[in-house]
Amino acid sequence: MLQRLEQEPDEDWDDLDSDDDEIEAADLADRLAEVDLNNADAVWERLTDEEKQEFKSIVYNGEIEKIVQSVEPWWTQKLPARLIRDVKEESARVREILKLCPKATTTIKDFKTIATKPPAPCIAHNIANVFAAYTFIVRYYNSDHSSYELEAADNFIAICDNLKTNANFESVASAVDSVIMNCLNASLFSDLNTKDVLRKDLREIFDGPGDDEHQNSFLLSALSDVVSLFKSAKQKYKKEAAKDAFAAGRAETRKFSSEFLSADGRTEFKQLENQTHFAGCIRKLEFYLSFVKFRYSRTEWPVEWETL
């Protein structure tokens with residue numbers, strides 16, 4: 001977040017504080033000149049007490065959106081609704097839309113080879129719980145979740161009961177409500193509009209780009225993105241855990257992280273500590289990928305949006 005703030009145009013800062021002058025701006029630039037802007041804690045240490053207080057005020061007052069431009073999630077790209085359609089034109093547009101999606105993995109095992117019995121009736125709702133968590137995480141990190149794989153993966157599991165506790169859901173509504181409640185419990189930013197946004201996002205992912213041929217493409221892209229995030233986090237966690245600095249002195253050296261990661265000052269990644277469980281989450285996601293690609297049918301596993 002601090003990196004994005006540093007890279008935003010100066011006029012955005014002027015809108016929030018017209019008293020900033022060129023000398024102060026130059027002084028800040030000098031202090032950050034030798035700092036890795038990807039290291040939020042290092043940046044935080046170079047700020048004055050006044051600058052830290054100003055930043056806290058911007059975050060906690062919800063004014064951060066005035067500085068950091070929101071990135072529209074990839075799944076919002078759709079074919080326009082038309083009574084008369086040009087097949088050739090729409091095919092070209094769908095190809096462009098799919099290029100904007102996370103790349104769907106091509107190494108998906110055939111469902112027949114990994115499933116010994118028919119899927120449970122609740123499987124579509126369980127997948128909806130994963131997607132609700134996914135859309136929240138993507139928006140929470142402003143579509144830059146892959147740059148924060150440890151924190152993003154940890155938060156993902158914290159708000160996704162299907163992955164965290166193997167919970168089953170009997171409806172899409174309960175799957176979404178579970179994510180909202182977990183966001184509140186985890187002190188992740190959410191407001192009265194979060195539920196409406198999640199419901200809309202969820203439906204757009206299930207609907208796909210808008211044509212029958214690729215109606216499951218968004219499902220595959222989203223699941224592939226989560227698997228990629230988790231595998232990257234797994235590798236990085238093992239790498240970081242091998243360093244002494246990862247286990248010692250984090251609370252003392254990561255002042256920005258302890259201030260803003262959560263209200264309780266969390267600096268560890270609790271959901272990732274049990275690597276056996278984390279590996280199980282990845283296997284479950286890969287099972288869902290196989291189900292969606294080789295078995296999922298909207299008629300056999302309908303999603304009832306009117307209950308939301």
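Predicted model: local features only at pLDDT ≥ 70, side-chain atom pairs only at ≥ 80, totals over all residues.

User: OK, and which side chain does R31 meet in a salt bridge?

Analyst: That's D27, with 3.0 Å from N to O. D27 is partly exposed, at 38% relative accessible area.

User: Where do D27 and R31 lie?

Analyst: Both are in helix 3, which covers residues 22–31. They are 4 residues apart, about one turn of the helix.

User: New topic: what does R139 pair with?

Analyst: R139 forms a salt bridge with D201, and their closest N and O atoms are 2.6 Å apart. This pair links distant parts of the chain, 62 residues apart: R139 sits in helix 8 (residues 123–140) and D201 in helix 12 (residues 194–207).

User: Is D201 buried or exposed?

Analyst: Buried, at 1% relative accessibility. R139 is partly exposed, at 33%.

User: And what about K200?

Analyst: K200 forms a salt bridge with E204, with the closest N and O atoms 2.8 Å apart. The two are 4 residues apart in helix 12, so about one helical turn separates them. E204 counts as buried, at 12% relative accessibility.

User: Going back to D27 and R31, which residue joins them in a network?

Analyst: E51: salt bridges with shared partners join D27, R31 and E51 into one network.

User: Last one, how many salt bridges does the structure hold?

Analyst: It holds 11.

Definitions and conventions:
Residues numbered from 1 in each chain as written. Heavy atoms only, no water. Salt bridge = Lys/Arg side-chain N within 4 Å of Asp/Glu carboxyl O. Buried < 20%, exposed > 50% of the residue type's maximum accessible area, 1.4 Å probe, protein only.
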